[in-house]
Amino acid sequence: QVQLVESGGGSVQAGGSLRLSCAVSGFTAANKCVGWFRHFLDKEREGVAVVDGFTNTAYADSVKGRFTVSQDKAKNTVYLQLTDLKPEDTAMYYCAAQDNIYCRGLFHLAYYDYWGQGTQVTVAS
(Lines give C-alpha, C1' and ligand atoms only; values in the text may rest on other atoms or scores of the structure.)
Protein backbone atom coordinates (compact mmCIF):
# COMPACT_ATOMS: atom_id res chain seq x y z
CA GLN A 1 0.00 0.00 0.00
CA VAL A 2 1.37 3.38 -1.01
CA GLN A 3 1.46 6.07 1.65
CA LEU A 4 2.83 9.58 1.71
CA VAL A 5 3.06 11.27 5.09
CA GLU A 6 4.01 14.93 5.38
CA SER A 7 5.50 16.56 8.44
CA GLY A 8 7.48 19.63 9.40
CA GLY A 9 4.88 22.33 9.02
CA GLY A 10 4.40 25.03 11.63
CA SER A 11 4.17 28.72 12.34
CA VAL A 12 7.09 31.04 11.63
CA GLN A 13 7.79 34.73 11.23
CA ALA A 14 8.34 36.23 7.79
CA GLY A 15 11.88 35.56 6.67
CA GLY A 16 12.02 32.30 8.57
CA SER A 17 12.60 28.77 7.36
CA LEU A 18 11.01 25.35 7.60
CA ARG A 19 11.82 21.93 6.23
CA LEU A 20 8.91 19.78 5.16
CA SER A 21 9.29 16.02 4.91
CA CYS A 22 7.36 13.54 2.81
CA ALA A 23 7.94 10.01 4.07
CA VAL A 24 7.08 7.49 1.39
CA SER A 25 6.14 3.85 1.79
CA GLY A 26 5.00 1.32 -0.77
CA PHE A 27 7.42 2.38 -3.49
CA THR A 28 10.91 3.83 -3.92
CA ALA A 29 10.53 7.58 -4.04
CA ALA A 30 13.84 8.04 -5.85
CA ASN A 31 12.44 6.11 -8.83
CA LYS A 32 9.29 8.20 -9.20
CA CYS A 33 8.14 11.75 -9.73
CA VAL A 34 7.34 13.36 -6.38
CA GLY A 35 5.87 16.83 -6.15
CA TRP A 36 4.96 19.39 -3.54
CA PHE A 37 1.76 21.36 -3.83
CA ARG A 38 0.00 23.92 -1.69
CA HIS A 39 -3.58 24.87 -1.19
CA PHE A 40 -4.71 28.33 -0.27
CA LEU A 41 -8.14 28.83 1.26
CA ASP A 42 -9.68 30.56 -1.72
CA LYS A 43 -7.69 29.09 -4.60
CA GLU A 44 -7.08 25.80 -6.31
CA ARG A 45 -4.18 23.62 -5.26
CA GLU A 46 -1.01 24.78 -7.02
CA GLY A 47 2.29 23.14 -7.76
CA VAL A 48 5.36 24.27 -5.86
CA ALA A 49 8.24 21.94 -6.74
CA VAL A 50 8.87 18.52 -8.24
CA VAL A 51 11.75 16.07 -8.42
CA ASP A 52 11.78 13.12 -10.81
CA GLY A 53 13.52 9.77 -10.80
CA PHE A 54 16.60 11.34 -12.41
CA THR A 55 16.72 14.08 -9.72
CA ASN A 56 15.64 16.71 -12.21
CA THR A 57 13.80 19.46 -10.39
CA ALA A 58 11.36 22.19 -11.31
CA TYR A 59 9.85 25.04 -9.31
CA ALA A 60 6.97 27.43 -9.50
CA ASP A 61 8.12 30.97 -10.30
CA SER A 62 6.80 32.20 -6.96
CA VAL A 63 9.22 30.03 -4.99
CA LYS A 64 12.33 29.90 -7.19
CA GLY A 65 15.41 30.76 -5.23
CA ARG A 66 13.60 30.28 -1.90
CA PHE A 67 12.44 26.65 -1.87
CA THR A 68 14.53 23.56 -2.57
CA VAL A 69 13.28 20.02 -3.15
CA SER A 70 15.56 17.07 -2.45
CA GLN A 71 15.53 13.30 -1.88
CA ASP A 72 17.02 11.11 0.81
CA LYS A 73 17.21 7.68 -0.76
CA ALA A 74 18.20 5.94 2.47
CA LYS A 75 15.13 7.28 4.26
CA ASN A 76 12.82 7.08 1.22
CA THR A 77 11.87 10.65 1.98
CA VAL A 78 11.50 13.79 -0.11
CA TYR A 79 12.11 17.15 1.49
CA LEU A 80 11.05 20.68 0.71
CA GLN A 81 13.28 23.30 2.29
CA LEU A 82 11.46 26.60 2.63
CA THR A 83 13.52 29.74 3.22
CA ASP A 84 12.79 33.47 3.23
CA LEU A 85 9.16 32.65 3.94
CA LYS A 86 6.51 35.25 3.23
CA PRO A 87 2.96 35.61 4.56
CA GLU A 88 1.66 34.67 1.11
CA ASP A 89 3.32 31.27 1.51
CA THR A 90 0.75 30.44 4.19
CA ALA A 91 -1.08 27.33 2.99
CA MET A 92 -1.58 23.62 3.47
CA TYR A 93 1.33 21.83 1.81
CA TYR A 94 0.92 18.40 0.25
CA CYS A 95 3.27 15.94 -1.33
CA ALA A 96 2.12 13.78 -4.18
CA ALA A 97 3.62 11.14 -6.41
CA GLN A 98 3.20 9.83 -9.91
CA ASP A 99 3.62 6.17 -10.73
CA ASN A 100 6.19 7.26 -13.30
CA ILE A 101 9.87 8.12 -13.33
CA TYR A 102 9.27 11.40 -15.17
CA CYS A 103 6.95 14.14 -14.02
CA ARG A 104 4.21 13.98 -16.60
CA GLY A 105 2.38 17.26 -16.91
CA LEU A 106 4.71 18.88 -14.37
CA PHE A 107 2.23 20.42 -11.89
CA HIS A 108 -0.94 19.11 -13.52
CA LEU A 109 -2.90 17.60 -10.63
CA ALA A 110 -4.56 14.85 -12.62
CA TYR A 111 -1.22 13.14 -13.31
CA TYR A 112 -0.53 12.51 -9.63
CA ASP A 113 -1.62 9.10 -8.40
CA TYR A 114 -0.95 9.37 -4.67
CA TRP A 115 -1.41 12.19 -2.18
CA GLY A 116 -0.52 12.79 1.43
CA GLN A 117 -2.75 14.41 4.03
CA GLY A 118 -0.91 17.71 4.14
CA THR A 119 0.95 19.82 6.65
CA GLN A 120 0.08 23.42 7.50
CA VAL A 121 2.55 26.25 7.05
CA THR A 122 1.66 29.61 8.56
CA VAL A 123 3.85 32.68 8.09
CA ALA A 124 3.22 35.73 10.23
CA SER A 125 4.18 39.21 9.05
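**Close-up 1. The buried residue T119 in a predicted model.** With a relative accessible area of 10%, T119 is buried, because a residue counts as buried when this value is under 20%. The model shown here and in the following views is predicted.

**Close-up 2. The surroundings of T119.** When its neighbours within four places in sequence are left aside, T119 is in contact with E6, S7, G8 and G9, and also with L20, A91, M92 and Y93. One of these residues, G9, has its backbone nitrogen 3.1 Å from a polar atom of the T119 side chain.

**Close-up 3. N76 in the loop between β7 and β8.** The loop that holds N76 runs between strand β7 (67–72) and strand β8 (77–82). The phi angle of N76 is near 50 degrees, which is a positive value in a residue other than glycine. N76 has a relative accessibility of 17%, and it therefore counts as buried, the limit being under 20%.

**Close-up 4. D84 in the loop between β8 and β9.** D84 is found in the loop between β8 and β9, the latter strand spanning residues 91–98. Although D84 is not a glycine, it has a positive phi of about 50 degrees.

Notes: Residues numbered from 1 in each chain as written. Predicted model: local features only at pLDDT ≥ 70, side-chain atom pairs only at ≥ 80, totals over all residues. Heavy atoms only, no water. Buried < 20%, exposed > 50% of the residue type's maximum accessible area, 1.4 Å probe, protein only. Polar contact = N/O pair within 3.5 Å; in protein donor to acceptor, adjacent residues only side chain to side chain. Contact = heavy atoms within 4.5 Å. Helix = DSSP H or I, 4+ residues; strand = E, 2+ residues; numbered from the N terminus.
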